[in-house]
Amino acid sequence: MSLSDFIPFVPEIFLAAAGLGILLAGITLGKKGVRTLIGSGVAALIVTAVLVWVFGRPQGGPQVILGGMLVLDNLAVFFKLIMIAASIIALIMSAGFLERSPYGGGEYTSLVLFATVGMMVMASGANLASLYVGLELMALSVYILVGYFKLEVKSNEAAVKYFVLGALSSGILVYGISLVYGTLGTLDLRGIHQALAGMAKLNWAAGLGIVLVGFGMLFKVAIVPFHVWTPDAYEGAPTPVTAFISVGPKAAAFAMFLRIFLGAFEPNIAAWRTVMWVAAAATMIFANTAALTQNNVKRMLAYSSIAHAGYALMGIVAGTAMGLWSVMLYMLIYTFMNLGAFGFVILLESRGYAGETIQDYAGLAKRHPAAAAGMLVFMLGLAGIPPTAGFMGKLYVFAAAVQAGYVGLTVIAVVMSAVSLFYYFRIVVQMYLHDGEEDEPAELIRDRWVEAMIFVCVAATLFIGVYPGPMVGWARAGISALGLG
Amino acid sequence: MAFLVAHFTQIVFYVLALLAVLGGIGVVTFKNPVHSALSLLGTFLMVAGLFVLRHAEFLAAVQVLVYAGGIMVLFLFVIMLVNVKKLQPEAVFLSAQAPMAVLAGVLVGALVAFGLLAGKLAAAGGVPAALQTVDGKVLGNTEAVGWLLYRQYLVPFEVVSVVLLVAMVGAIVFGLKSASLDRGEGRAER
Amino acid sequence: MDQPLIQFIVIPLVKIVVILAVLLLIVAYLTFAERKILAYMQVRLGPNRVGPKGWLQPIADAFKLLVKEDLVPAKAEKFVFMLAPGLIIIPALLVWSVIPFAPDTTLFGLLKQPIPPYLTDINIGLLFLLGVSGVGVYGVILGGWSSNNKFSLMGGLRSAAQMVSYEVPMGFAVVSVILMAGSLSLVRIVQAQQEAHLWFFVPGILALAIYFCCGVAETNRNPFDLPEAESELVAGFHTEYSGMKFALFFLAEYANMLVIGSVVALLFFGGWLRPFPSWGWLGFLDIIPPFFWFAGKVAVVIFIYMWFRGTFPRYRFDQLMHIGWKWLLPLSLANVVIVALGVLLLKG
């Protein structure tokens, strides 16, 4: 291993170093430096994105680097850029929020950067060891971010719940990995694929390992019945953090999920597919139903994100090349829609507190027509109505499921998408058909950076919805990675 | 005597394994947290013995150095600082959840036991030398671990160092008393 | 008797008995030496009644401790209270199984072929030593906790924090020696110094300073004797101990001092080697057997221990933590980086 082997790893190294620098700068700058720190964090992320594009792209086919720990392929580049975009948008959205709070910005920004490093390792891991440590880096940073507002009881509660359940799921995951390693003798994803393919009959211990790894992964992407931490964690976390964890870590977990299940465990797809089928169906049914009764927007969006993980899981159930790239596309689209929706939650303020109930949106269309229109786009997108990108995302996932012969599952998904319209439109109805009843209606905070980010998300949601071609093509290039092409 | 000599490794293994399991049971059954911690210490030492038996001397030493010498000391330190004399029975067993927990535990235990008994664990199991060898070169356990850790597994190793840093940052973020926070400035925002 | 029986049972047993007997005797006389040295430093006489010039004092002390009433406080945690002295003495004696105090010897021609006089040389010797002596802290913590006495508890807590804190820079200081020697075996480390024609204290002077500081702290000796600070905590963690149990704590403390001294001699001063082992004209020094070179080096370290006790005041607890975490730890890390670079550049 020579120094030049590290060149493709430069983006991650740079980002981690930037995280360290910002951590130190945060101590000297203190509370006044929030904007500077977040600005430099964003700059570091942009540089990282460029570095990924320059150094992190595969030349020719997928390249295994650094002792088989990481792989360079289009899937990795795709997910890395999604995550970096999510981190950038979430960081910019946090600036004003953090400035209005009594908490400092150094640790916050550097934790977001460290989480991004972890996610990037997850996206390009080619070995269960590197995937797992990437996951832990991301998860640990995120636990701290969730509890970052340490004087808020809700934030504490959310962090503790998230941490305890996350640690449990990591334990399950590692136990599964240890069984897989014990039976197959390798942690390398390709090695596992070969070993499983060469096995006439699935070894029981290996099967148990696969099941436990599956449970761990379902936990991380919040699939029923492993979703119970999600609403509490999302509700209690500081809103920009909620926005961040609902997209970045979710995309990273899906990247890892794809690599492990459609890459390494693919020879045994018949064995685990049924479990995933049931989980996807249960998730869509349960999450969409539960979201109907939520009055807190953050909780509602939490259930909505669980439901979306259920839709995305259909692509993995399909197990085909199209299933794979449709999940990638879905994650891209979902990232922008969800970040945009949370942008409004950050901005809405009701009597000095965050406006988190659905009633706070009453009459928004009259007072802020542009904002209401933006929120409408995101609600339509999340519900999957054309011409937004949400429709395209669902279309491809459903098509992949149908193509693989999962008509029943697709029917459930379509029906539950219709159900989801009810709760997304509760907000729309409040905005357009109700007046603010109270003497002091909820107000939008003026924060041009958040507004700009919301605008970016609106633009992306509409653009991909109208003209999905380039994104589809880009996602399709990712499939070469796992040998499914 | 001949039996002892012929089956020396197995006998030592079963003695160590039995003691390790007993220690583990002690951890959850002792009422006094200090006794539980001591029990865990015993388990750690027995596990170190098991490592030696598998010719993983380096792991054994690190097990003693890190777990017994470092982590358990901090456990005891915390136990003594908060001075928990005896756990209340209701704190030990959350009574309402106990039957569910037992049921879930038995089910998972049965699943795992069945998987392990019905399946075969293949890796390096039979060859102790495998723990001393990398790519056919026999180096000794310490060197083999170092070789793998700093070459093949360099990326996870470095990422783990960032994980530890993040854990430290987290502990400080949650633990540090900040002057501006104590005055409660700007608490209204969320 | 058949050969394996002699080789694997009889010889080791003999070695164990001899090593333990000599060790305990040395420890007993170390207490005497300390009292005498301190006395001279403070311009007084020290023990001089039992035997000629007080030379039988340690024997009398041992006898007194053996026959004294063994008190156990009524509200003590009995089991742990009994266990603690054992937990501290076992590691203190156990580490002697890997300390090579002399090279292979024929015992002045008594044996046909040379055998190692030490018990064993294992390939993780140094780690074993660090790990086992790290376990010794349990005796202190648990002794302090189980006595049900606030002074004892304070002593136990202090020692837990202190020993964990100082173990870290100690480990790093040792790492630089491992880098230079390329082995964890203590015998190999001494041989490496012979082959390098250089005792490791020259390139490892910083490591030596850090190691010795940490060693003093690990053995709870002045100026880091906070766990048993008599002017603050009566006698710290062993306030409630008496008789033989107290003697075990005492024995362990001196045995641990000897261990630190031995490690300093082995890692930094060439163990049993004579000075400048590569200079032929110094060959006349070989008339002194290797063991005595080793013993002399250890004796110097022990003397420094006592010198510290005679001269330095005790640190405050915050100062102790400050030194450990803000000075020794960064220094030891920097030292590892420098030494690693040096080894990389010089050895290629």
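**Overall form of chain A in the predicted model.** The C-alpha trace spans about 70 × 55 × 40 Å along its principal axes, and 64% of the residues of chain A count as buried. The chain comprises 19 helices and five strands; among contacts between residues at least 6 apart in sequence, 81% join residues at least 24 apart.

**Helix H9 of chain A and its surroundings.** Helix H9, residues 229–236 of chain A, is mostly covered, with eight of its eight residues buried, including Trp229(A), Asp232(A), Tyr234(A) and Glu235(A). These buried residues pack against helices H5 (128–146), H6 (153–184), H10 (239–264) and H12 (297–318) of chain A.

**Two cis peptide bonds in loops of chain A.** The bond from Val224(A) to Pro225(A) is cis, with omega near 5 degrees, and Pro225(A) is found in the loop between helix H8 (204–220) and H9. The bond from Pro386(A) to Pro387(A) is likewise cis, with omega near 5 degrees; Pro387(A) belongs to the loop that lies between helix H15 (369–383) and helix H16 (389–403).

Leu66(A), a residue other than glycine, has a positive phi near 55 degrees and sits in the loop between strand S1 (63–65) and strand S2 (70–72) of chain A; Leu66(A) is buried because 22 other C-beta atoms lie within 10 Å. Val43(C) also has phi near 55 degrees, in the loop between helix H1 (3–41) and helix H2 (57–67) of chain C, but Val43(C) is exposed, with 6 other C-beta atoms within 10 Å.

Note on methods: Residues numbered from 1 in each chain as written. Chains lettered and ligands numbered in written order. Predicted model: local features only at pLDDT ≥ 70, side-chain atom pairs only at ≥ 80, totals over all residues. Buried ≥ 20, exposed ≤ 12 C-beta atoms within 10 Å, placed from the backbone. Helix = DSSP H or I, 4+ residues; strand = E, 2+ residues; numbered from the N terminus. Contact = placed C-beta atoms within 7 Å.
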